[in-house]
Amino acid sequence: MCRASLPFSATWKLYLERNSRCNVFRRIGTAGSTWWSPQCAAVRQGIVDMMHRALREPEVKSVVICGQDGKFCGGADIREFGAKMSGPPLVPMIHMIEAAAKPVVAAIEGVALGGGLELALSCHYRIAHSKARLGLPEVTLGLLPGAGGTQRLPRLIGVPAALELITTGRHVTAAEALQLGIVDEVTDQNAVDAAVKFAQSVEGKSLDARRIGTFPCPRPPDLDAVFEKVMKEVRRSARGAIAPVTCVQAVHAAVTLPYAKGMERERELFSTLFTSGQARALQYYFFAQRAVSRWSTPSGARWDTSKPRPVRKAAVIGLGTMGRGISVSLAQAGFSVVAVETQEKQLLEAKQAVSGMLERDAKRRGAPLAHGNIKYSCSLKAAADVDLVIEAVFEDMALKKAIFRQLSAICKPGTFLCSNTSALDIDELASQTQSPELVVGMHFFAPAHVMKLLEVVYGPRSSPEAVATAMQMGKKIGKVSVAVGNCRGFVGNRMLKPYLEQAFFLLEEGATPEQVDQVLEEFGFPMGVFKVSDLSGLDVGWKVRKADGLVVPDSTGKSARIQGGRRYSPLGDLLCEQGRFGQKTGRGWYQYDKPGGRVAKSDPWLHRFLEEYRARHGLVARRIDQQEVLERCLYALINEGFQILQDGIAAGPEDIDVIYVLGYGWPRHRGGPMFFADMVGLDKVLDRLERYHQLHPDVPGLKPCSLLRKLAAGGCPPIHRWREVIQKPHSQL
Ligand SMILES: CCCCCCC[C@H](O)CC(=O)SCCNC(=O)CCNC(=O)[C@H](O)C(C)(C)COP(=O)([O-])OP(=O)([O-])OC[C@H]1O[C@@H](n2cnc3c(N)ncnc32)[C@H](O)[C@@H]1OP(=O)([O-])[O-]
């Protein structure tokens, strides 16, 4: 028997091993990574040579292919996609394995993803370790499985199951893979040993029924109807992403064409995706999501030099919607939680709600209940011995300050005090405590136990240890944490302000909520800005604007449209004055069938209201085209993003993009707002902003930020080079 080890990570090494006793007989190279890079050419070459040799040598009766360091293969190295391919190509190699006259067994440990699973599918048998995960995640990178995955998987597990896995990119456990028929055996023991044993047991047996490429593809009787339905569903959920739709076309080819033709079609479709902007965006986003864990602050604190402190016990103060979600997240991750709500009635309600959430989640995941991890209390004193507190009370600075003063006196020395505020000044909260260096923001997104994003907000006095601890805590509860500086709204909500502002101005100038929302939804947002406002409640922003002194009449008694020399739209305030708070009251920018209703319907009242408003303020409605709606909303938001980079509130464009994709519904296949600006062209974004600012000189949000000007003047460097241009950041507060 021959045994070949595959590369997995950047330190992939390739060995050829030979069994009877599995002695290493030849080390054939140390690979940089991929199927495509020059080093990986050595990997493919190694496999090809090994297979030839195994087939030639009469004493070799079977072959086991396994990974190194407990991992089978994570697929192609996407950093190398641009590189020129050398060495034996992947697809013929896979065909050669499948055609082998001796049994080839894949020993799957760790992961078999993408090209890794495609390789395993070319083997005659697959043995997986019980902890292994398998999948074809190419679609999440804007691609499709390009080494036979779209042709073999439906032949192996049927069209519906294959379509589901290929169009979602979902990873499956070994147990599910066994159930689906992707693997032949699952073991809790050493998978390589099990595969060797298995290979020996099938030596000499016919392989005719084991070559997936020769299987007929199961053809559903109502083929056209099945694909039409799937295509409709995929198009709806893809929100403009082309890869899922192309994956369906590739699987359709598996059903309707002979294998060889289907492979040709897969190759053609793969090539179209490979060069698409969406593939670039999704691959950029893949690395951005990993890059944000390597955080740094303007004061020089960094992820690799700042040590987090262990946290075992944490308190959550305030058990409204956010506090409940945060408690659930902490309990599920195994933290011991003290949940505090000072009103007894609310505490009881919260306890029931949290238990329900934990039960539902445990049922869904088939995991044990985490009830026991939470203790409830009406008193802040219950937080005396915790390692970290997350305050999640109302967005009221006076209330939060009082709580921070009390916590500072109650908690044991060294306890980290964190606030879930979505916009308030972390430094002001820190100043209420005896140890401001222990204070950071932990801004969760609703629903907190579901949303993946966490903004970790450092103030000028937050210690590197506090930032590192909050970042690590976020990781432990399964969030993608992004470290950001302290300013009004931090990164996400600060950028939202000019975006919302433009949407309001567009209504004043003649647009309707339906028109603005449609443009944004066509761009790929799950919901337009007005539907989102209705969902989250119009009164939230109204309260903030009132507190900021913006909701005031002008000299004629009408709502002021110019405040401090800047244009202001009171439209949202006027709706709130009518009791229209959005979904919760059944009326907002849209109408709903009842309070709490979810289906937004156009509201003739609102259109009349807009007409009357324009007439009252002497505004003449004009026809506004899609491009203007999109550019004004998005470029105002992007411009604020550049300002945030310039102010050093975010360390790099990746931070902003991850926040927008994970927290604000920015379509992932567009990479994030800063990546989008790079794709559009910084000079074009600058040009359009200049034009809009000329037309609206009283809207500072449209005045191009100097960092954008600098980047454009510097020849529009690609996004990965922006950090070189961003000046040494300094805190804004
Ligand atoms: C003619 C046509 C021929 C077509 C052939 C097509 C072949 C095929 O269909 C295409 C593919 O396979 S597409 C590929 C399909 N495969 C996938 O989509 C798998 C994507 N990867 C994953 O899902 C996860 O990384 C793993 C589950 C593999 C490991 O998770 P974990 O243990 O939590 O670790 P982690 O923190 O996530 O990663 C560790 C480091 O590795 C880095 N890196 C990782 N994968 C990379 C890659 N493919 N590339 C480059 N780098 C990759 C990652 O950035 C990080 O680097 P950093 O410098 O430290 O930041």
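These are my notebook entries on a few spots I looked up in this predicted model.

**Ground rules.** I count residues from 1 along each chain, as its sequence is written. Since the model is predicted, local features need pLDDT of at least 70 and side-chain atom pairs count only at pLDDT 80 or more, while totals for chains, interfaces and linings use all residues. My helices (H or I, at least four residues) and strands (E, at least two) are DSSP runs, numbered from the N terminus.

**Entry 1: strand β14.** I started with β14, residues 388-391. Which way do its residues point? Leu 388 and Ile 390 point one way, Val 389 and Glu 391 the other way.

Next I looked up its partners; two strands pair if DSSP finds at least two bridges between them. β14 runs parallel to β11 (residues 313-317), joined by 4 bridges, and β14 also pairs in the parallel sense with β15 (residues 416-419) over 4 bridges. Glu 391 stands opposite Ile 317 and also opposite Ser 419 in β15. I also noted that β14, helix α14 (residues 397-410) and β15 make a right-handed β-α-β unit. Right-handed here means that, with the strands pointing away from the viewer, the path from the first strand over the helix to the second runs clockwise.

**Entry 2: helices α8 and α9.** How do α8 (residues 223-238) and α9 (residues 243-256) cross? Their axes come within 9 Å and cross at roughly 165°. I checked how that works: axes are lines fitted to C-alpha atoms, for helices over the stretch in contact, and angles run from 0 to 180 degrees between N-to-C directions. α8 and α9 are therefore roughly antiparallel to each other, the word for angles over 145 degrees. The residues of α8 that meet α9 include Phe 227 and Met 231, and those on the α9 side include Val 248 and His 252; contact means C-beta atoms, placed from the backbone, within 7 Å.

Entry 3: I found 3 strands in an open, mixed sheet, in the order β6-β8-β9. β6 (111-113) and β9 (172-173) are the edge strands, each pairing on one side only. β6 pairs with β8 (residues 133-135) in the parallel sense over 3 bridges, and Val 111 stands opposite Arg 133.

**Entry 4: Met 50.** Last stop was Met 50, in helix α1 (residues 38-56). Why does Met 50 count as buried? Because Met 50 has 22 C-beta neighbours inside 10 Å.

Definitions and conventions:
A residue is buried if 20 or more other C-beta atoms lie within 10 Å of its own, exposed if 12 or fewer, and partly exposed in between; C-beta atoms are placed from the backbone. Angles under 35 degrees count as roughly parallel, over 145 as roughly antiparallel, 65 to 115 as roughly perpendicular and the rest as oblique. Two residues are in contact if their C-beta atoms, placed from the backbone, lie within 7 Å.
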